Amino acid sequence: MEHLKVVATITNTGDEALKVLNDPSGALNDLPTDTFVIANAQGAQPSFTGVRVKYVLETAATLGAYTILAPGQAVQVEHDRRSRLFISVDALIMLPCLVSQAYNFTTSGAESYDIHASNKFYLLNGDSTISTIEAKVEPYSAKISGRLAVAHSTLARRANFNGCSSSQQSLLVSAASAASKYAGDAFAYVRSHTSPTPRYTTWFGTYTSARHGIVQSGFSAVSGNAFSSFSYDCTCTDSDLFAYVYADQ
C-alpha cells in the first residue's frame with residue numbers, strides 16, 4: 001500500500017494561457033488531501049486519513065499562488081513516484097496524485113479499486129475574478145494489497161520539537177504560553193457574559209442561549225489544552241502553508 005504513488009500531469013489543451021490556482025485539494029498540490037473518489041466493485045471505500053486544510057481562493061489569488069499554463073504546456077507534480085494515472089479534460093489534461101498517505105484501506109480490504117481524481121480546477125481570470133473548469137475523468141484501476149494503512153506521526157503529549165532550531169524552540173515556548181493565556185481569557189469571557197455583547201455578535205452572530213452554549217463548549221475545549229506539552233514539527237518548508245490537521249487525529 002505504501003507503494004501506491006502517483007504523478008499528476010496537467011496540460012493546457014486550449015488556445016489561451018491559464019492561471020490555475022494551486023488548490024491544496026487538487027492535483028497541482030502535493031499535500032495528502034482528499035483528492036480522490038476511490039471504490040471497489042462492491043462500492044466499499046477506504047477511509048480518508050490525510051490532511052484537511054482551510055483554503056481561501058481570493059487570498060491565494062492575491063498572493064499569486066497559481067500556476068501559469070501556456071497553450072499546449074504541461075506540468076507534472078510528483079506526489080510520490082511509483083504509479084501514474086491519466087485523466088483527460090476539456091481545456092486541461094491532468095492525472096491524479098498521492099494516495100498512500102491519505103487513505104486507509106484496512107476496512108475496505110485488499111481489492112481492485114477504481115480511482116477518480118477531483119476534476120475541479122479554479123482559474124484566475126484577467127479581470128481578477130475566479131471561475132471553475134471541470135475535467136472529463138477516466139478512472140484508473142489499481143490492485144491494493146500489502147500494508148493497507150500508512151501511520152502518521154502523532155502529536156505526543158509531552159514537550160518535543162522535531163527539526164526546530166533553538167530560536168524556533170524559544171519562539172514556540174513563548175507562543176505556547178501566550179496561547180494558553182489567550183484561550184483561558186476567551187473562555188472566561190464567554191462563560192461570564194450570558195447576554196449579547198458587541199464582541200460576541202461580531203464573531204458569532206445573533207445571540208441565543210443554545211448558540212452561546214456551543215461557543216462556550218468550544219472555548220472550554222480549547223482552553224483545556226496544555227500547549228506547552230505539545231509536540232512541534234518545524235520540518236515543513238512550504239512558504240504558503242500555515243497549518244493543517246490530519247482527519248484521523
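A charge sits over a ring if NZ of Lys or CZ of Arg is within 6 Å of the ring centre and within 35 degrees of the ring normal. In this predicted model, arginine 199 lies over the face of tyrosine 189, at 4.1 Å from the ring centre.

The model is predicted, so local features need pLDDT of at least 70 and side-chain atom pairs count only at pLDDT 80 or more, while totals for chains, interfaces and linings use all residues. Residues are numbered from 1 along each chain as its sequence is written, and side-chain values use heavy atoms, with hydrogens and water left out. The pLDDT, the predictor's confidence in each residue from 0 to 100, averages 79 over the chain, and 80% of the residues score at least 70. Over residues 80-98 pLDDT stays under 50, and the model has 100 contacts beyond four places in sequence for them; a contact means heavy atoms within 4.5 Å. Residues 154-158 also stay under 50, with 13 such contacts.

The chain holds four helices and 18 strands; these are DSSP runs numbered from the N terminus, helices being H or I of at least four residues and strands E of at least two. Of the contacts in the chain with a separation of 6 or more, 78% are between residues 24 or more positions apart. Buried residues (under 20% relative accessible area, with exposed over 50% and partly exposed in between; 1.4 Å probe, protein chains only) make up 38% of the 249 residues.

Helix 2 covers residues 166-192, 27 residues in number. The expected span is 1.5 Å times one less than the number of residues, so helix 2 should span 39 Å, and its end C-alpha atoms are 39 Å apart, which agrees. Tyr189 is buried in this helix, as are Ala176, Ala183, Ala186, Phe187 and Val190. The cover over the buried residues of helix 2 includes helix 3 (198-204), helix 4 (209-223) and strand 17 (231-233).

Aromatic pairs come next. Rings of Phe, Tyr and Trp (its six-membered ring) pair if their centres lie within 6.5 Å; planes under 30 degrees apart count as stacked, over 60 as edge-to-face and the rest as tilted. The whole structure has nine aromatic pairs. Phenylalanine 105 and tyrosine 113 have ring centres 5.0 Å apart and planes at 75 degrees, so this pair is edge-to-face. Phenylalanine 105 is buried at 0% relative accessible area, and tyrosine 113 counts as buried at 0%. The rings of phenylalanine 227 and phenylalanine 230 are also edge-to-face, because their planes are at 65 degrees, with centres 5.6 Å apart. Phenylalanine 227 counts as buried, at 13% relative accessibility. Ring pairs link Phe227 and Phe230 with Phe161 and Tyr232 into a cluster.
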